[in-house]
Amino acid sequence: PVLVDSATRATATLQPHSWLHSERVGNDGTGLGKADIQNAIVQGARGRFTEIISQTVCAPESEVYTSISSDVISSHSIREGIILDKTTVSQLIYRAIYENQYGPARVEAKIRLRSFDVWQKQAEGSVGIFDFYCPDAKFLIFEGFTAPTGLGSHLRSRMAMPVLFTGLAHRRVVQYVPAADVGENPMTIVGCDRHDLQCSFQPMSPCILTREEIDNAPIASNDWDDYLRRNPNQRVVKISRAVEKHFAAAVKLSDGKMKIVENYWNPEQRKQRLDMLVRGLSRTIADIYFAEDEDATSNQRDDDRSRFQTALRKSFDDDDNLLSKVEAAAQLFITRPNFLTRGEISRAVKQVFSLSYDFRTTIGMPIRGSDKCHREQECVDFNELMKQMYEEFPMNETKHVLVTSEDAKVLDSAVIWKMQNKDTEFELIMNKDDVGQATGQFIPGANPDINLTEVMTSTMIAWACQLRTGHPFLNICSNFHRLIEASIQFGCSAATMWKRQNVTCNVIV
């Protein structure tokens with residue numbers, strides 16, 4: 001990360017001397033300016049939903065992107081009675097995650113913006129444009145991510161769940177930081193000089209810590225929830241990477257297959273953890289809508305907050321897909337592309353989809369092969385998958401079929417199929433930025449022509465493109481396909497349903 005020296009003379013209000021004059025783990029402010037502080041922090045989760053969901057890979061045609069349902073919620077509508085549909089619930093969950101991570105910097109950001117030019121001159125470049133102390137924030141820190149797995153596995157089994165879930169339940173800002181003692185590249189899915197998620201993604205939060213705070217933070221016991229309940233005033237709590245192996249476990253089934261079980265939701269603690277998560281979400285969402293309700297008296301505001309939380313909890317309890325929605329929202333938030341990655345995605349999407357593109361007549365077929373084959377899933381050849389597609393979809397109504405893959409052999413097969421079937425009623429389109437790294441987790445140095453940042457960008461482009469297809473054709477053996485499935489359930493895809501490839505999974509994720 002960007003480590004700032006101790007020679008700063010910054011005098012921004014609310015930033016204590018110990019923070020200003022210490023080595024801080026700062027954010028990457030590339031491409032960010034005064035307007036970003038206003039839009040991302042001051043307005044943030046309290047502004048128009050389109051402004052924050054547009055930072056993700058969600059399709060502009062999707063329900064969650066186009067709906068204004070959460071924009072029009074007000075204290076008056078709550079007093080009259082509120083009914084929350086599933087799209088509104090999805091939007092509120094995402095708002096809650098955003099507020100949990102960005103809200104604590106709002107007061108500090110407002111003060112900084114009042115005299116931005118003066119502050120910038122005083123800071124003399126030593127306090128990053130997107131670095132805030134956040135005096136009222138409590139933090140949950142996770143170091144590392146050294147497991148040799150890809151983005152999908154990291155998101156589903158380590159980052160979104162359970163770490164961010166725990167932060168939401170206890171209303172703590174979650175930060176993923178590389179440990180100082182894990183070697184050159186402690187995070188196995190990133191590849192720039194920072195060695196952290198900001199190589200490809202936006203900061204998890206504008207609230208940052210000093211290296212000393214991170215190194216000296218107490219480590220929570222294996223029962224994080226119990227530790228956090230007993231230590232509510234501890235500003236920074238760390239989850240050791242030593243417990244990574246406890247996040248999920250492989251269980252052998254009677255038919256010889258393996259199933260990955262998320263230990264966080266084990267039967268003994270499921271109800272308690274779900275209750276805490278819903279309580280934390282409800283309180284944070286209520287904060288968004290009632291913190292500055294100047295039209296209401298104190299008693300009326302408290303009554304409205306109580307009604308709103310009751311309505312939220314009822315909506316959550318009635319939503320069978322609540323956990324998957326929270327998980328999808330967390331995954332989308334964590335992977336908001338940074339300035340450079342966003343530019344690459346935008347360029348690639350324009351290249352993949354022609355002016356005649358219509359999501360309603362487009363099939364999306366991501367194909368997971370390479371290291372998954374024969375170990376975690378049966379891999380069928382490209383011609384067989386095309387036969388399955390013909391059987392599953394009305395091809396006379398199809399204009400485009402999008403193929404993406406991390407397997408160069410699959411991509412080559414697609415090119416050959418396209419050459420041999422020039423007279424089809426649809427156009428087979430491909431992502432020229434698929435790097436064909438042959439694994440979900442690219443090993444640095446395995447191919448000197450490909451680096452980790454390119455692999456991550458390729459993955460994000462494939463995800464964004466597949467969400468813009470109206471008829472996804474997925475398998476459920478791959479964590480990456482599970483990310484797409486979760487995005488569809490969340491309402492983030494142009495599609496509302498998907499069909500499954502006839503592929504046998506040896507490991508069920």
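**A helix crossing and selected salt bridges**

Guide: The crossing of α18 and α19 is right-handed (the near helix is turned clockwise from the far one by less than a right angle). The two elements are helix α18, residues 452-466, and helix α19, residues 479-490; helices are DSSP runs of H or I with at least four residues, numbered from the N terminus. They pack at an angle of about 40 degrees, and their axes lie 10 Å apart (lines fitted to C-alpha atoms over the stretch in contact, with angles from 0 to 180 degrees between N-to-C directions). On the α18 side, T459, A462, W463 and Q466 make the contact, and they meet F480, L483, I484 and S487 of α19 (heavy atoms within 4.5 Å). By type, these residues comprise five nonpolar, three polar and no charged (Asp, Glu, Lys and Arg count as charged; Ala, Val, Leu, Ile, Met, Phe, Trp, Tyr, Cys and Pro as nonpolar; the others, Gly among them, as polar).

This is a predicted model, in which local features require pLDDT of at least 70 and side-chain atom pairs pLDDT 80 or more, while totals for chains, interfaces and linings use all residues. Numbering runs from 1 along each chain as its sequence is written, and side-chain values use heavy atoms, without hydrogens or water.

Because R482 and E485 are three residues apart in α19, about one helical turn separates them. Both are buried (under 20% relative accessible area, with exposed over 50% and partly exposed in between, for a 1.4 Å probe and protein chains only).

The count of salt bridges by this rule is 13. One of them joins D71 to R95, with the closest N and O atoms 2.6 Å apart. This pair links distant parts of the chain: D71 belongs to the loop between α4 (63-66) and α5 (75-79), and R95 to helix α6 (residues 86-102), 24 residues apart. With a relative accessibility of 29%, D71 is partly exposed, whereas R95, at 2%, is buried.

Another salt bridge is formed by R230 and D226, whose closest N and O atoms are 2.9 Å apart. Both lie in helix α11 (residues 224-230), four residues apart, or about one turn of the helix. R230 is exposed at 52%, and D226 is partly exposed at 26%. Together with R229, D226 and R230 are linked in a network of salt bridges.

Notes. Salt bridge = Lys/Arg side-chain N within 4 Å of Asp/Glu carboxyl O.
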